[in-house]
Amino acid sequence: MNNVTEFILLGLIQNLELQKVSFVVFLIVYLITLTGNLLIMITISTNNTLGSPMYFFLSYLSFVDSCSSSSMTPKMLADTLAVTKTISFRGCMIQVFAEHLFGAAEIILLTVMAYDRYVAICKPLHYTSIMNHQLCSLLVGVAWAGALMHATIQILFIVRLPFCGPNVIDHFMCDLNPLLQLVCMDTHTLGLFVAANSGFMCLLNFLLLMVSYVVILYSLRTHSLEGRRKALSTCVSHITVVVLFFVPCIIVYMRPVTTFSIDKTVAVFYTMITPMLNPLIYTLRNAEVKNAMKKLWGQKVMSIKKK
């Protein structure tokens, strides 16, 4: 039985003055996120020197970050200025689906990128033959297929649950744990399902990624000083992104069904801050990307001057 047609979101903060400040701050964050990720996608797609698999995957990661942020932030910004913050039942389900679709896609892509770095550093002589375009396209396809399967399982799980009364969500978006607080049945078993499907997925991939990077860093001892420096710079960027994304996910999903005040802050981090930081981390620590961006904008300026 489902008597709920819409949910009321309490939002990130209730103070009216702070809401106005947060609107400006998160609007700037959102614009930086879109600009940074779009710039990376354009730079990689228009520059022949960035044709390696690492940049192929990075462009898709930027696309996923843009979509992930856009599925949450506009609604949150609109609600910041609204007196009553509501979302329809269907809109809430779409938001949950989008969150887990793009979240799972990012998890798998980060795992694929770690595999790419492993092959590049540990098997450099076979890198081009192993990481050919066909395999790269297949891995991206697997990332989207896996993400679609995960998101579909989540939405089929949540949409069938009985919401028969309470409809106030103490959050700025729809998510599994806040929604399970409103379900008219015992949620202990449901919480185990969330921990197994979302939390365990985050934890397992995080541990696999950390082990893979330990192996990669250990193998660098046989490389030249310049080779170690370049590989270490790339790996540090990847590890930073992995930690920023996975740790908040593990905190939110790897636990019983309950909500804490810190959940909103953690959700802000992985839905808005991390997608903004990813292009900055990869760009600031990567000379090839920076040079390609300078070349791209140099060409744009020259074309404008000629006109």
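Select Asp116 and Arg117: their side chains meet in a salt bridge (2.9 Å, N to O). The term means a side-chain nitrogen of Lys or Arg within 4 Å of a carboxyl oxygen of Asp or Glu. Asp116 is buried at 0% relative accessibility, and Arg117 is buried at 11%. Buried here is under 20% relative accessible area, exposed is over 50%, and partly exposed lies in between (1.4 Å probe, protein chains only).

Before moving on, note that this is a predicted model, where local features need pLDDT of at least 70, side-chain atom pairs count only at pLDDT 80 or more, and totals for chains, interfaces and linings use all residues. Residues are numbered from 1 along each chain as its sequence is written, and side-chain values use heavy atoms, with hydrogens and water left out.

The whole structure holds four salt bridges. Go to Asp170 and Lys264, whose side chains pair at 2.8 Å, N to O. This bridge links distant parts of the chain: Asp170 sits in the loop between β3 (168-169) and α6 (176-180), Lys264 in helix α9, 94 residues apart. Helices (H or I, at least four residues) and strands (E, at least two) are DSSP runs, numbered from the N terminus. Asp170 is partly exposed at 48%; Lys264 is buried at 10%.

Next, pick Lys75 and Asp79, another salt bridge (3.2 Å, N to O). Both lie in helix α2, four residues apart, about one turn of the helix. Lys75 is partly exposed at 24%, whereas Asp79 is buried at 7%.

**Disulfides**

Now show the cysteines. A disulfide is a pair of cysteine sulfur atoms within 2.5 Å, and the count comes to two. Cys92 joins Cys174, S to S 2.0 Å. The S-S torsion is about -125 degrees, so this disulfide is left-handed. Cys92 is in helix α3 and Cys174 in the loop between β3 and α6, 82 residues apart. Cys92 is buried at 0%, and Cys174 is buried at 0%.

Cys164 joins Cys184, S to S 1.8 Å. This link is left-handed too, with -135 degrees about the S-S bond. Cys164 is in the loop between α5 and β3, Cys184 in the loop between α6 and α7, 20 residues apart. Cys164 is partly exposed at 28%, as is Cys184 at 33%. Number the bonded cysteines in sequence order and the pairing reads 1-3, 2-4.

Two cysteines to check next: Cys67 is in no disulfide, and the nearest cysteine sulfur, that of Cys249, is 17 Å away. Cys202 is in no disulfide either; the nearest cysteine sulfur, again that of Cys249, is 4.2 Å away. Cys202 is buried at 4%.

**The core**

Select Phe57, Leu58, Leu110 and Phe246. Of the 56 residues in the largest nonpolar core, these touch the most other members. Such a core is a set of buried Ala, Val, Leu, Ile, Met, Phe, Trp, Tyr and Cys residues joined through side-chain atoms within 4.5 Å. Helix α3 gives the most to this core, with 15 residues.

Centre on Leu110. Beyond its neighbours within four places in sequence, Leu110 is in contact (heavy atoms within 4.5 Å) with Leu61, Leu209, Val241, Phe245, Phe246 and Tyr282. A second, separate core of 39 residues includes Ile87, Ile158, Met173 and Leu179.

Last stop: Ser237, in helix α8. Ser237 is buried at 3%.
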